[in-house]
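Welcome to the tour. Please open the structure in your viewer and follow along, one selection at a time.

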Amino acid sequence: MNAGELCRVLLVGSVPAAEVPELSSDEVRAEVRRRLDEAGCELAYSADADRWVARLAGPLPHLEGHEPIVRLGQTELAVLAACWLHLRFLPAERARAAPDGVDPDAGDDALDPGDLAEQFRGRLGHDHLDDLVDRLKQCGFLTQRDGLLRAGPLLGTFEDPGTAEQARTLLTRHQRLAYLRQRAAELRADGDPSATD
Amino acid sequence: MAVEAWLDPSGRPADSPGPADLAVGVDESWPPAVVEPEAATPLPAVDRVLPLLGRFATLIGPDQERVKLTVLCALARQPAAGWRLPDAQEAVPWLEPQSTARVVEELSGAGLLLPAATDAGAWRLSDEAHVVAAVCSALSAPQLDQERLVRVLAATVTLARAVGAPDEAAFGPFLAAAGVLERDLDAIERRIAEGREEALLEAAATARAHAADMAALLQQHAELLTGSGGLGDAWERAVAALGRLETLTDDVVATLSGKADDRVRRGPRSDRSAMRGLVAASGLATLAALAGEARLPPAVGPTHLGTALAALDEHLARPGPQPVPVPEPAALPVEPPEDIPDFTTLAAQALEWLAGRGEAVLSEWVVGGSWAEATGRMAAVVEAWSRHGPGGDGTLRAELDASPVLDAVGHDEVAAVSRTLVRQPAGGELTP
């Protein structure tokens, strides 16, 4: 395939690296990148999935009458972030904490849709969540095997360097506030004779 | 009535002669005429403390109390030995001199100004006036700093005791201070629940200041508050609230500054449980912000109308569904009737065979093969029992005993079966 054909392939979906050996050439890859860049897209490689993907290189300008084929709203992004936390951030953090830098539970990164629904209980209904997950699967962010959700090729290219740090801050903040909630409840129970058995 | 007749520094009755310098048209300058913009005078500050000073209303009087208080505070800074009216007028340059004279007259009439003992024609403040002026000045801060609230209440407890007020006068401020601590606890818990870290730290800082002042109050006035006629229960609640507030504020500061991380996370920093908790506790907007601008895949695959039309043409060109021809007639084998076993007779024989074993469960014969076969055999048993059992011709040499118990089977497409025992009838004999 020449660079033009490669671009067309990539623009409609991810492709296994083995099926496009042309992209292992620096020259071809640079040409594909250049062409995609001119169209506002970029080339990315998902190491976990061993697939090449093309994706938009930046946010979409807002146009009133624009009808994008896929538009991720706040709810879809929230579900996407939750999946990313479980399927990408958590394994990376485990590896980061391991002495040898290797995730001891590597390969065990899957998320039960029922578990995900439980985490969004009260905010997203089961059917709504199923629709959102389907949309994320169509985009390539998620795949589903044996009933379990796994990282799709696009999720592997999703994070930027600041996102992991942002997630760590969020996690630390959540853990601290959860601890304080627990402490406040304990102290209130200690000071309230009616709260003890 | 001539002014000099009643403004006498010697404390004579109001109709007695007084200093001549007050005799200049004071009646014409009432209400007081302020000669400068009010914002440039101390009057607005006094306005803020007037409600607190309502208790002095009987001393000050209901008319023009703001001006009287302001003048009184200014006069409190005059030489203690005594001062004259021009000194007073100079001390309040923002007030028209005749108005100052009238205010001095009113204050004298209320007993707040007395003749100076050492200087005839001069005035001094009475002891009560000094207290009023001191309290007014002390409370003239532009606004009450929230952090100082308990300290101020504690000071009023001290003040009440200093002036020899009844003990009850100190109880009110103490209970109010205890209430401040309770509100601090509520505020901190509310901010923890809301997850507002900055506001939480601010609330903790204010609460810490309140707690320190409350600790000092409790220590300083322990004897009064816990003695007979004191507030034992309220004291204990205040001590408990103080301990809880100190612990919680310490926890808040240590936790949010990261000094308590070993207590916050007993397990690994990141595990599946931590992720679940994070997702469950975070708002959709917070999570969405984490995802940011997700880089979407560009588009769907190319589709040309010509290709679509060709596909449609190919689809339409497919042969339509044809009816399947009827199979050729074929002669079916006919078996003589005697070769077809009577299933009911077979069931009756099976029941007698089971009964011959002494006692057996019916499912041993019924279950086997498929579900359809099992139900067929069960139907045959029912039919055999009807025809040949006690209700039929009575020839069946077996007795059935059904009980409301389910036996698990788990094979041959049968999960469970109700228990029916097959026995030899009482007194019956088996035919060899």
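Helix α2 (residues 26-38) of chain A has the highest confidence, at a mean of 94, and α6(A) the lowest, at 85. Helices here are DSSP runs of H or I with at least four residues, strands are runs of E with at least two, and both are numbered from the N terminus. Over the whole of chain A the mean pLDDT is 85, with 92% of residues at 70 or more.

A word on reading this predicted model: local features need pLDDT of at least 70 and side-chain atom pairs 80 or more, while totals for chains, interfaces and linings use all residues. Residues are numbered from 1 along each chain as its sequence is written, and chains are lettered from A and ligands numbered from 1 in the order written.

Next, select the contact between the chains: 50 residues come from chain A and 44 residues from chain B. Contact here means C-beta atoms, placed from the backbone, within 7 Å. On the chain A side, α6(A) gives the largest share, 18 residues.

Now pick L80(A), A81(A), C83(A) and L85(A), which touch the most other members of the largest nonpolar core, a set of 51 residues. Such a core joins buried Ala, Val, Leu, Ile, Met, Phe, Trp, Tyr and Cys residues through C-beta atoms within 7 Å; buried means 20 or more other C-beta atoms within 10 Å. The most residues, 12, come from α3(A).

Finally, stay on A81(A): among its contacts are L287(B), A288(B), L290(B) and A291(B).

Key: Contact = placed C-beta atoms within 7 Å. pLDDT = per-residue confidence, 0-100. Buried ≥ 20, exposed ≤ 12 C-beta atoms within 10 Å, placed from the backbone. Lists of a residue's contacts leave out its neighbours within four places in sequence.
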